Amino acid sequence: DGGVVSEKGKSNSLDVKIPKSEMEAEEKGVEEERPRESDSNILDVSSDYPRDKHISIQRHLADLEKLADLREDEKKPCPLCPEEKFKACYSHKLHRHLQNLHWKVSVEFEGYRMCICHLSCRPVKPNLVGDQTLSKMGAHYHCIICSATIIRRTDMIGHINRHVNKGETESRFITVRAPKSSYEVVKESATDVQVLPNHSTPQKTDSYFNPKMKLNRQLIFCALAVLAGERKPIECLDAFGATGIMGLQWAKHLRSSVKVTINDCNENSVTMIKENCHLNKMKVKLNIKEEDNDETVGNGEENSDTIEVTKMDANVIMHLRSFDFIHLDPFGTSVNYLDSAFRNVRNLGIVSLTSTDISSLYAKAQHVALRHYGCNIVRTEYYKELAARTVIAAVTRAAARYNKGIEVLLAVALEHFVLVVVRVLRGPTPADNSAKKVRYLIHCQWCEERVFQKEGNMVEENPYQQLPCDCHGSMPGRTAVFLGPLWSGALFNTGFLRRMLLEAVKYGLDEAQPLLKTLLCEAECTTLKHFSTHGPGDENKQEECGVYIKTANTPAESYLVHGKRKSEEVLRGVAKRQRAEHSAEHPPFYYNIHRHSIKGMNMPKLNKFLNYLSEAGYRVSRTHFDPMGVRTNAPLAQFKTVLMKYSTPTYVGAQAEGPVHLPGEIQVGEEVPAAAEIKVEDTELAVDGKSGVTAAMLTQSYPTHCAAD
């Protein structure tokens, strides 16, 4: 922040450079007013500001009241307001004034409060005439670190954060000694990184580090480790380095298998990345034209402990160079970088992208999703999978523009992010095959049944006929909407997930292992908890979270392609064997058991309900998208039938779970009195988080009632 002005005294509390012109001006005793920022709300700084802290900067409200010398029998003026603004008053009124008008709107920093000040602290400026001076001074804050006075509270917070980003946290006004360094070291997966105190606020810091994204980093590492087992060495790019934590983990664990490039367009982030490389005993190969060549360490050297650090826009570096593995993790959406990512990515390479624009992808800001992804979405029970398919559709269109198709290896949508990992297949034929899988989804707004639109360009006379439900015939008006375009293919590759699980076990990534096991069951659409990652042979059996994993003592030779680059036929053979490892595709989307439960009925336990669906002849599994979600190929009507069959009335909820009569066989008023008491106003599909009544279910059970969603 070029506007922050500080003095370099004997204490050297702030390591801020002062221009030579200002040094000469100070020697001559001339006070110069230096404009701080472009914002007109930030005022100029006086060079002869007192060395002690301003009276508006206090630790406690009691300290501020001491300045006023409150006494019950005397009227006292406010120490931070001029007499014409706030007249002297008794102690009780002055206490309320200090608390409400000064203390509550203060800015806190390191235990101190910078209260708002109404005194004439700014150097007086002439008015438009020039011969008179302004007598009034607006409200402002005094910076605790430098001698700046700033009008707005938001500008003051940003001003303090810029000091923190530069490491200027020691104040010459504070008598208590500040910490020697403002950096703190965070350790993750045997990798140390330096971060700033405000590392968790991406808008306010140059080095964003989110500890909640540890699972995301582990999944990406496992994907890269699998690719490194196919061909060596591979060139990988972390396009948005920030602290460099992800690239450092790649280089530290995979070593000679990868050539890591960490990029960031921010100069402060690049400096921190270099420091973190030295902290982890990694050599830095710089690709930046700098005047100071002494900072380039290991330039021109190629070894396993060398990381290349670049400072340029992510689109530029991906246009200039080719990579085998690219990871995109910008702040927000990543659609702005898809074209450059697929332009030069190598054949059978992997592109992974993390999208954190959750508000648009999860249908909270539908207009933003339409603007960024060209996709129309609404809030549904399967909104997380809808978000993953929206991102993959955008990826597919971007890859097809460069005659490249994709194979989805992994799609994860959790609370904070949507992660998509795809393999790139070069050629117009794979591009056409991938583009054909981008379709529209027909979604019924009454019962939430859904189906992808059929292939073909012919116009359907009645698109409602494609839906399995009959809501359009029984309900008035238009009952369905078109969502999309969305990716209609598979979201997981079973063979790739198995090898990712092996890498997670190998490197001890504890957080990723349970999720990968859930993804494996979801990809195969099975509830089996016993599965092996290899065929029979010399194996070690490991158990975690009730799931047995069999890992071979020797590496899987069928997946290894030794050498720097093999022929295209060999690499295509590896991809074909991987695609052949999974049999039938998993069913698209899932149902939430709470969303379709019956009011007044106790639904069965989720695991038992999965067994009931499996016994009925349907494929079924749990899903990571929703802890109460069920992925199955059963139609919604059959799903509700099985759920109703094994639900028990509330008044006999203490009895053992077992089948009950279907809705058509129930004699209303005799066997299920509780259900007979349902009124019309209770049929409005008010989903309370645990149970909800669907229109189709009520019309089947009680034809005389009307249901409205």
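This is a predicted model: local features need pLDDT of at least 70, side-chain atom pairs count only at pLDDT 80 or more; totals for chains, interfaces and linings use all residues.

Colleague: What makes Arg321 and Glu308 a salt bridge?
Modeller: Their side chains come to 3.0 Å, N to O. The cut-off is 4 Å between a side-chain nitrogen of Lys or Arg and a carboxyl oxygen of Asp or Glu, so the pair qualifies.

Colleague: And what does that pair tie together?
Modeller: Arg321 sits in the loop between α8 (314-320) and β12 (325-328), while Glu308 belongs to strand β11 (residues 306-310), so parts 13 residues apart in sequence are tied together.

Colleague: Why is Arg321 called partly exposed?
Modeller: Its relative accessibility is 23%. Glu308 has 11%, and buried means under 20%, so Glu308 counts as buried.

Colleague: How many salt bridges does the structure hold?
Modeller: There are 17. One of them joins Arg389 and Glu385, whose closest N and O atoms are 3.0 Å apart.

Colleague: How far apart are Arg389 and Glu385 along helix α12?
Modeller: They are four residues apart in α12 (residues 383-400), so about one helical turn separates them.

Colleague: How do you know whether Arg389 is buried or exposed?
Modeller: Arg389 has 0% relative accessibility. Buried means under 20%, so Arg389 is buried. Glu385 is buried too, with a relative accessible area of 0%.

Colleague: What makes Arg631 and Glu522 a salt bridge?
Modeller: The closest N and O atoms are 2.6 Å apart, so the pair falls within the 4 Å limit. It links distant parts of the chain, as Arg631 is in strand β24 (residues 629-632) and Glu522 in helix α16 (residues 512-524), 109 residues apart. Arg631 counts as buried at 0% relative accessibility, and Glu522 counts as buried at 0%.

Colleague: Which residues are joined into one network?
Modeller: Arg231, Glu235, Asp324 and Arg346 are, through salt bridges that share partners.

Colleague: On to helix α3 (residues 91-103): which residues there are buried?
Modeller: Ser91, Leu94, His97, Leu98, His102 and Trp103.

Colleague: How do you know where they sit around the axis of α3?
Modeller: They cover an arc of only 145° around the axis, so they lie on the same side of α3.

Colleague: What do the buried residues of α3 pack against?
Modeller: Their partners are β1 (57-58), α2 (61-68) and β3 (112-114).

Terms used
Residues are numbered from 1 along each chain as its sequence is written. Side-chain values use heavy atoms; hydrogens and water are left out. Helices (H or I, at least four residues) and strands (E, at least two) are DSSP runs, numbered from the N terminus. Buried means under 20% relative accessible area, exposed over 50%, partly exposed in between (1.4 Å probe, protein chains only). The arc is that of the directions from the helix axis to the C-beta atoms. Contact means heavy atoms within 4.5 Å.
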